[in-house]
Amino acid sequence: MAALAVYEGLVKRFGEIAAVEGLTFEVPEGTVFGLLGPNGAGKTTAIRVLLGLAAPSAGATWLMGASPGTPEFTSAVRSVGSLIEGPALYGRATARQNMDIEASALGLRQSSSEIAGLLALVGLADRADTKAATFSLGMKQRLGLALALLGKPHLVVLDEPTNGLDPAGIVEIRELIKRLPEHGTSALVSSHLLGEVELMCDRAAIVDRGRMVAEGTISDLISRQGGTGFKVVFEPEDTERAVALLGSRGLIAKGSGGRLTVTGAGVEGAHISRPLAQAGIYVSELTRTEATLEDVFLSLTGPGSDGR
Amino acid sequence: MAAELKKLRFLPTPRWTLVVCLGLGAMGALIGLFQGSSRASTYVDAGEVLTGVGTIIGSIVLGVWIAGVEYGQNTMRRALAADPRRGRLFAAKVATAVVASLLLTLLVWAVSVVLLSLAASLNDASSPTRDLLTVSAKSFVANPIYAAIGCAVALLARSMAGGMTAMLALVFVLGTALTALPIGDISLGSALREIGRAIEGESGQEVGYAVRVILVWTVILLTAAWARFTRTDVT
């Protein structure tokens, strides 16, 4: 699979502040790739550099093999749709006119049927001739997505695409993005909505304080957190002993006050309850849990993480 | 440039600018009509003040708006994400500003000349048409320059409101302030008025100096705007 977007040691500083520091990853063709990170992690800055809207302080990015400033970059950008920092619309123009202006900017000739089709695809067919300024945030977001999909791009770069959408709209847009690769369009989706990324993306990079802290397929990332685990409850005074005992058997036990989360390769309930019982620690509750992307995200970016 | 022309068509500011300028032209004719003057110069003066100044302001508004609208609506990043050739977009914006200004000037003066001539004939004044056409020629020189500079100033300010304020200050405040300096008149407005006087056939004017002043102002502001637009990050 060829890489549609490549980041290689990207650094972007604003004065003394490093918004992005050494970002390296690739967005393979035919995937929906998630760029995850808390607010201020550098996701939007990374996207702006990729699209040539901001210059890197160090490192480089390539879009379809072309780096910003080269003649090839122009045709590369033209085959990329984007929705950055919310929908940028001409509020006093209608949805159709916004699409028409974008089509001209992209140099598309025959576009009226495509415009109608895209507006229908994002659920705005009946509001095509309504001024964008009167739209709700969710409708503006839908129009922004339609603009990004104009011209059948090879790659769409979507910054928080489900912002402002109601729950039904989120599901609808998620399913739409998920199906994009079937139509020849890959996607780079930046978001802090972990559940959404987990459901729509094939791969993801997690960014924190400008640095990449993890990258891989969604299942890889989750398994790094331990995949299946157990919640164990026992007498609080036995906590330290239990952590040490389970640790000596190759398990990772975290928690306090008689409540632990235990993870480890191939861990089963008996691997926990038996040694604890043999040591005189009697388990009152043992529940199987599945790690989520949220667990991974919080363990890598939450308080106590070092941002790596 | 096709996208820029579509913005002119679809968005309301250019239409309203045209309507206001046409209104000013009609007002000039109405004033002449009700004043009942039999002197052709009354109608020429009305045209020069209302249509002439009106189209200058209209051209400034259009020039600033063509660049400023992108910052006001946060659409500059969208425009550049569609086509990253910033120099090309800069040229398209300045060219659109010039074309829009010329169209505005043409339409408003055409209507004004007809209405003012009609008002003059209704008051049995001699025809002011020839003099009005001469006066209008000054607008065709000055207005595109104001529009291009307005576009440049908005790109420098990266803001619609900031661009408009800076442009009005440049034309109406700085021009007066510069005339007070003991280095000769280097204001843009004075240079354009000098060209205007030459168009009207007044002799002894320093046209060459005025052209140089206009060129320096235009080149400096366009170059500064180009440099800022093409070499800095888009927010």
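Predicted model: local features only at pLDDT ≥ 70, side-chain atom pairs only at ≥ 80, totals over all residues.
Residues are numbered from 1 along each chain as its sequence is written, and chains are lettered from A, and ligands numbered from 1, in the order in which they are written.

Two packed helices are described by the angle between their axes and the distance between the axes. Here, the axes of α3 (residues 40-72) and α5 (residues 86-122) of chain B come within 9 Å and cross at roughly 160°. Axes are lines fitted to C-alpha atoms, for helices over the stretch in contact, and angles run from 0 to 180 degrees between N-to-C directions. The crossing angle therefore makes α3(B) roughly antiparallel to α5(B) (over 145 degrees; under 35 is roughly parallel, 65 to 115 roughly perpendicular and the rest oblique). Helices are DSSP runs of H or I with at least four residues, strands are runs of E with at least two, and both are numbered from the N terminus. By class, the contact of α3(B) with α5(B) has 14 nonpolar, eleven polar and one charged residues. Ala, Val, Leu, Ile, Met, Phe, Trp, Tyr, Cys and Pro count as nonpolar, Asp, Glu, Lys and Arg as charged, and the others, Gly among them, as polar.

One residue of helix α3 of chain B is B:T51. B:T51 counts as buried because 31 C-beta neighbours lie inside 10 Å; the cut-off for buried is 20 or more other C-beta atoms within 10 Å, with 12 or fewer for exposed, partly exposed in between, and C-beta atoms placed from the backbone. Leaving out residues up to four places away in sequence, B:T51 touches B:L24, B:G25, B:G28, B:V108, B:W109 and B:S112, where contact means C-beta atoms within 7 Å. B:G28 is 23 residues from B:T51 in sequence, yet their C-alpha atoms are 7.5 Å apart.

Then there is the nonpolar core, a set of buried Ala, Val, Leu, Ile, Met, Phe, Trp, Tyr and Cys residues joined through C-beta atoms within 7 Å. The largest has 152 residues, and A:A146, A:V189, B:V64 and B:C151 are among those with the most contacts inside it. A second, separate core of 14 residues includes A:V232, A:F234, A:L251 and A:I272.

As for the meeting of the chains, the contact takes 21 residues from chain B and 24 from chain A. On the chain B side, α1 (2-10) and α4 (76-82) are the elements giving two or more residues, and α4(B) has the largest share, six residues.

Chain A has eleven helices and 13 strands, and 46% of its 308 residues count as buried. A:M64 counts as buried, with 20 C-beta neighbours inside 10 Å, whereas A:E85 is partly exposed, with 15.

Conventions:
Contact = placed C-beta atoms within 7 Å.
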